[in-house]
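Welcome, and please open the model in your viewer with the selection panel at hand. We will go from one selection to the next and look at what is there.

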Amino acid sequence: MQSFQLYERASTVPEKSYTRANWQKGYQSLKQECDYWISDIEGEIPSELHGTLFRNGPGLLDINGQHIHHPFDGDGMISRVTFIDGRAHFSNRYVRTAAYLEEQKAGKILYRGVFGTQKPGGVFANAFDFKLKNIANTNVIYWGEKLLALWEAADPHRLDPYTLETLGKEHFNGVLLEGEAFSAHPRFDPSRDGGRRLVNFSIKPGLSTTITIFELNDKGEVVTKHSHKVPGFAFIHDFAITPNYCIFFQNPVTFNPLPFVLGMRGAGECIKFQPHQPTRIIIISRNPKQKNVQIIETHSGFVFHHANAFEVGDEVVVDSICYESLQQVEPESDFREVDFDALQPGQLWRFNLNLQQKTVQRKLLESQCCEFPTMHPQKVGRPYRYLYTGAAHASSGNAPLQAFLKVDLESGKRQLWSAAPHGFASEPIFVPRPGSEREDDGWLLALVYDSTHHRSDVVILDAKDFERGAIAKLHLKHHVPYGLHGNFVSKCFL
């Protein structure tokens, strides 16, 4: 089975733009919770930049010195940067999940993690223990006047946006059951029935997999919920939407639960990539009255994140970050010792799906190692021109993210801003300039870890012109461990 990748190893390896030791330092826990105005600033914060950047990620990578096995098992920590009148304020706080409070009180690991964290005591302490903690560590959204911390395997936690205090679980007036999954990758449709819509999904895997689609109006009310079965086990982290469809890539993997049941591995360690099996592209109508599910097969590969999707006639176009395979998480491995050179990079691919002929045409849009794509929020599900993403510093090979890449999908032009050799990038967020009609008129916001000073910077770039360099670098008093996802809202919370 042919794979997504068209990458070939170079005969000579260029000098690295990073050292692994510097990169590793960003994976230290941040134990303190802070609240302060940012005073150490290079450059100037744009006066028009008004609102709040929320970020989520695993901030606690050990429990009283007992290290977790994988960062995806770390407890969720919300960071908030509020921009107002040319100033900026930072605060952070851990999501007080029930398991977080229990483990902090006990001073030790009490729960198994999906990606291999085990309770002390070996196999006998972990066998037949299927209770996983809701770590609320993947995304944070503000919708329907509610701030929600998301983890895709369970229900959201609601937070106070002013204090970041945990208020409890959110079940949308009983639509979600206790413990029911609600993905950490919602999509925000900018125009639907006269308002905005939040579109999200949940996965219930098994011999066949149930995909449930949720749509919430701008008041935070669930207006549609419909479920569909697809054959086989599905490990799906993200999806894409158009005005009429939800699109999922069913990665070719298998799941053997026995080592998890017997306490030898985490559930995520029991997933194995199948390189000779096709990727299945699942297309589900957003109209709950249309029950048919279309499935189109394409090349073997693995997708964590999609950039965008849109419709052109009978075709659906999907832009995605694709990998040759899924890296196996091993029980005795150390994620801090990853060999980047041994792995193939994530690359940006475009898939043209012809729904009438049930065919797929694919094209490599960007070969440079990249992840965490973002774009203008008004272009979600629509044709678009500009894409922004985290990227490696070098144009070829695999490496940690140290830069931000702007791709003009019409002209093919690229712009790169790099924090190498000592800086390490995270997911960027595009913020439109108020009142602007140009798609790339705005700012790119991101946290960048500065390994020299062991602190994180809030970096502001001009989204039109990376060659200007950073408009501003806001130096925090500490580092923020490498995070996952977040969102910007135009409302200020202090």
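Start with strand S3 (51–60), which gives five residues, the largest share, to the lining of the largest cavity. Strands here are DSSP runs (E, at least two residues), numbered from the N terminus. This is a predicted model, in which local features need pLDDT of at least 70 and side-chain atom pairs pLDDT 80 or more, while totals for chains, interfaces and linings use all residues. Residues are numbered from 1 along each chain as its sequence is written, and side-chain values use heavy atoms, without hydrogens and water.

The largest cavity holds about 140 Å³ and is lined by 18 residues; centre your view on Leu-447, Val-480, Pro-481, Tyr-482 and Gly-483, the closest to its centre. A cavity is a set of points on a 1 Å grid over the protein atoms alone where a 1.4 Å probe fits but cannot get out, a pocket is an open set with protein on both sides within 12 Å along at least five of seven lines, and lining residues have an atom within 4 Å of a point. Volumes are the space filled by probe spheres set on the points, which are joined across faces, edges and corners.

Next, select Asp-73, Arg-112, Gly-113, Lys-133 and Ile-135, which lie nearest the centre of the second largest cavity. This space is about 110 Å³.

For an open site, go to the second largest pocket, with about 1200 Å³ of space. Phe-188, Arg-196, Pro-377, Asn-487 and Phe-488 are the closest to its centre among 43 lining residues.

Then select His-185, His-237, His-305 and His-485, which an unreviewed UniProt entry annotates as "binding site"; such annotations may be inferred rather than shown by experiment. They are spread over 301 residues of sequence but cluster in space, with a largest C-alpha distance of 12.5 Å. Of this set, His-185, His-305 and His-485 belong to the lining of the second largest pocket.

Zoom in on His-237, in the loop between strand S15 (222–231) and strand S16 (240–241). His-237 is buried (under 20% relative accessible area), at 14%. Its side chain makes a polar contact (N or O atoms within 3.5 Å, one able to donate a hydrogen and the other to accept it) with that of Glu-152 at 2.7 Å.

Finish on His-305 in strand S22, buried at 7% relative accessibility. A polar contact of 3.3 Å joins the side chains of His-305 and His-237.

Methods. Helices (H or I, at least four residues) and strands (E, at least two) are DSSP runs, numbered from the N terminus. Buried means under 20% relative accessible area, exposed over 50%, partly exposed in between (1.4 Å probe, protein chains only).
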